[in-house]
Amino acid sequence: MQRIEFRAMGGQILAIVDTHGEQALDCLQATPRWFAVWERTFSRFDKQSELSRLNRNAGRTVRVSPELWEVIAESVRAAQRSAGLVTPTLLAELEQAGYAESFSRSVAPESEQSEATDAAASSEQHVNVLPAYGNWKSITLYARTRSIRVPHGMRLDLGGVAKGWAAEQAADHLSRHGPALVDAGGDIAVSGPRADGSPWPIGIANPFDPDAQLDMILIGHGGVATSGRDYRRWRKHGDWQHHIIDPHTGRPATTDLVSVTVIAPSVREAEVAAKAAFILGSRDGLAWIDEQPALAALLVGENGRLLRSRQFARYAWSSVGYALDT
Amino acid sequence: MTGERKTRKASVGTQGTRMLITAAAVTATIGGWAWFAGNDTQTTVNVAPQSTNTPQLVVPPTTGEQFAGALDLSPIPTIIPTPSGGVANAPAAEPQTMSQSQQPAIIAQPTLVTPAPVTTTRSSR
């Protein structure tokens with residue numbers, strides 16, 4: 001088994017290919033370059049990224065690269081699947097909440113919001129002309145010319161899908177040499193069972209104690225992602241903020257959940273479902289997950305309670321759980 | 001489709017004895033916790049590393065055919081106390097009906113090796 005670790009897209013990246021050989025190693029060593037290219041395409045923090053240039057041309061039809069096209073198309077599909085809960089149109093709201101620079105460059109996450117960051121957020125703030133909820137429908141994609149038109153006043157943020165997409169792309173490339181797993185900051189894509197036929201054992205971190213595990217799951221193919229407010233959070237004017245915006249309010253979601261881990265046929269679906277369930281809260285989020293037999297989830301309440309969806313036991317090493325009292 | 005765990009094989013090394021356990025066929029308790037089936041949550045049988053339930057004793061067929069049941073317990077080692085108070089494994093014996101005068105056989109517990117996770121999912125960092 002060969003592996004490589006590096007930082008990209010504001011997080012820690014791990015890529016594993018379960019085989020030996022020079023070709024697999026060469027492919028593995030190319031992974032950081034792929035992520036660097038994708039970051040230059042999708043990052044809202046990079047003023048020269050393709051996404052930032054698209055955002056500066058809101059109101060115009062812009063031809064984009066295949067990668068940006070694919071990720072924006074995926075983000076629109078994500079909005080459809082999640083009934084608008086996970087939408088790429090919340091950049092202004094994120095900056096308003098105080099998430100104006102990458103966490104990898106910012107001060108410690110639990111620090112007070114700096115005055116400088118507040119000023120930066122205010123100076124770059126654009127006022128959306130459309131309300132946040134549902135406005136993703138006004139994004140126009142022209143498949144024939146691979147062009148996109150974002151309405152005037154709207155700016156896109158691809159943080160909800162880009163990392164999962166990148167993990168999946170990398171796992172896909174690596175899988176040509178052997179079974180592959182790519183972990184992009186906690187969003188994990190698995191191309192297939194390990195070389196010995198066994199599934200990949202993946203831990204689920206305890207949001208209250210990141211060095212500890214809540215459970216372990218066994219994944220043969222697909223993806224797993226976790227959304228939560230335990231890490232990307234900060235104080236603004238004395239109140240805790242986090243990065244998962246509820247499009248109904250335009251503010252960080254008010255939820256009784258600390259984190260949600262979802263297992264899905266792909267890490268892209270897992271990423272979207274984890275965010276949607278987090279926003280919905282423990283009761284509605286669990287019900288929404290249970291309506292979709294392809295999904296399995298572990299939800300962690302702010303009181304420490306663990307909630308497991310119907311399908312979770314299929315993947316869990318240890319299936320002891322508690323039902324949500326109704 | 002994502003991976004599944006329909007069957008887990010546990011390999012137990014006890015002086016040459018190997019046991020195959022189908023997870024679905026065994027109900028276990030873990031450390032005294034009972035399985036709890038609440039509103040619509042799935043009840044799952046599992047074999048946990050700390051399981052204290054013993055597999056049901058089955059006398060394997062004498063024809064030499066592979067036992068087709070969920071548990072293959074042949075041959076079963078019989079642990080005989082030594083005079084010093086320690087124990088030593090008896091050589092593997094032919095299956096036989098136990099009489100009341102015999103010491104009860106101590107059936108080796110299944111030992112599941114918990115795999116080390118290759119990575120951990122957590123909220124983005």
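This is a predicted model: local features need pLDDT of at least 70, side-chain atom pairs count only at pLDDT 80 or more; totals for chains, interfaces and linings use all residues.
Biologist: Which strands make up the open sheet with mixed pairing, and in what order?

Modeller: Residues are numbered from 1 along each chain as its sequence is written, while chains are lettered from A and ligands numbered from 1 in the order in which they are written. Strands here are DSSP runs of E with at least two residues, helices are runs of H or I with at least four, both numbered from the N terminus, and two strands pair if DSSP finds at least two bridges between them. The open sheet of three strands, with mixed pairing, has the order 9(A)-8(A)-3(B).

Biologist: Which are the edge strands of this three-stranded sheet?

Modeller: An edge strand here pairs on one side only, and the twist from one strand to the next averages 40°, with axes fitted as lines to C-alpha atoms (for helices over the stretch in contact) and angles running from 0 to 180 degrees between N-to-C directions. The edge strands are strand 9 (209–219) of chain A and strand 3 of chain B.

Biologist: In strand 9 of chain A, what is the bridge partner of Ile204(A)?

Modeller: Strand 8 (residues 200–206) of chain A runs antiparallel to strand 9 of chain A, and seven bridges join them. The bridge partner of Ile204(A) in strand 9 of chain A is Asp215(A).

Biologist: Which element of chain B has the highest mean pLDDT?

Modeller: Chain B averages a pLDDT of 49, and 10% of its residues score at least 70. Among the elements of chain B, the lowest mean pLDDT, 41, belongs to strand 2 (residues 87–89) of chain B. The highest, 95, belongs to strand 3 (residues 119–121) of chain B.

Biologist: What is the strand order of the open sheet of eight strands in chain A?

Modeller: The pairing in this sheet is antiparallel, and its edge strands are strand 1 (2–8) and strand 17 (306–308) of chain A. The order is 1-2-6-7-10-15-16-17.

Biologist: Which strands of chain A does helix 8 (residues 282–290) of chain A touch?

Modeller: Contact requires C-beta atoms, placed from the backbone, within 7 Å. Helix 8 of chain A packs on the sheet, and its direction makes about 175° with that of strand 16 of chain A. The strands touched are strand 15 (257–264), strand 16 and strand 17 of chain A.

How values were computed
Two residues are in contact if their C-beta atoms, placed from the backbone, lie within 7 Å. pLDDT is the predictor's confidence in each residue, from 0 to 100.
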